[in-house]
Amino acid sequence: MEVNIKDLEESDSDAFAALLVQLSRETTHALMTEQESIELGNSQHERTRQLVLADNQKILFAVHDTILVGFLGLSQGTFERNRHSAALMIGVLADYWGQGIASQLMKQALGWVDERGIQRIEVGVMDSNERAIELYKRFGFEQEGVKRAAFLINDVYQDEILMARV
């Protein structure tokens with residue numbers, strides 16, 4: 001499926017908040033619960049403004065028929081000793097899984113990474129999220145470690161797989 005990939009703009013604030021709520025509603029692989037996403041949405045306008053102004057942040061959206069269907073966020077280190085590194089997060093609505101949207105977001109994001117001279121991209125992923133782990137592997141990420149019992153979801157502890165592309 002073809003989608004348009006666009007940068008975050010201040011006018012995306014409400015749609016971004018709604019996307020985060022929908023992602024947390026659809027899957028347990030999202031970091032925040034639905035209620036936490038709703039509460040965070042109350043400050044979304046200010047958070048969006050700060051993200052747009054931040055030189056070390058990159059938020060990309062996948063847009064299909066004017067609807068935000070996915071996002072990718074990169075946060076570059078802010079200090080001299082970690083500026084070569086960026087943390088990654090990504091989410092795509094369930095109805096759009098398996099259609100190459102996450103790959104399109106990743107390709108666009110890697111351009112930003114290359115432009116900035118970032119040498120390391122790191123991501124944490126729940127061990128049960130096999131789809132995401134395979135995506136990261138396709139883009140050259142390797143497992144570096146495991147954080148045992150990093151998440152508690154429905155009274156079950158889940159490990160976090162730490163991956164990086166260097």
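Helices H4 (residues 101–116) and H5 (residues 130–138) pack with their axes 11 Å apart and at an angle of about 40 degrees. Here axes are lines fitted to C-alpha atoms, for helices over the stretch in contact, and angles run from 0 to 180 degrees between N-to-C directions. Helices (H or I, at least four residues) and strands (E, at least two) are DSSP runs, numbered from the N terminus. The model is a predicted one, in which local features need pLDDT of at least 70, side-chain atom pairs count only at pLDDT 80 or more, and totals for chains, interfaces and linings use all residues. Residues are numbered from 1 along each chain as its sequence is written, and side-chain values use heavy atoms, with hydrogens and water left out.

H4 and H5 are therefore oblique to each other; angles under 35 degrees count as roughly parallel, over 145 as roughly antiparallel, 65 to 115 as roughly perpendicular and the rest as oblique. On the H4 side Ala-102, Ser-103 and Met-106 make the contact, meeting Leu-135, Tyr-136 and Arg-138 of H5 (contact means heavy atoms within 4.5 Å). By class, that contact has four nonpolar, one polar and one charged residues. Ala, Val, Leu, Ile, Met, Phe, Trp, Tyr, Cys and Pro count as nonpolar, Asp, Glu, Lys and Arg as charged, and the others, Gly among them, as polar.

On a 1 Å grid over the protein atoms alone, a cavity is a set of points where a 1.4 Å probe fits but cannot get out, while a pocket is an open set with protein on both sides within 12 Å along at least five of seven lines; lining residues have an atom within 4 Å of a point. Grid points are joined across faces, edges and corners, and a volume is the space filled by probe spheres set on the points.

Met-106 turns up again in the lining of the largest cavity, along with Leu-74, Leu-88, Ala-109, Leu-110, Val-113, Ile-121 and Phe-141. H4 supplies the largest share of that lining, four residues, and the lining has eight nonpolar residues, with no polar and no charged ones. The volume of this cavity is about 30 Å³.

Strand S6 (residues 142–153) gives the most to its lining, with three residues.
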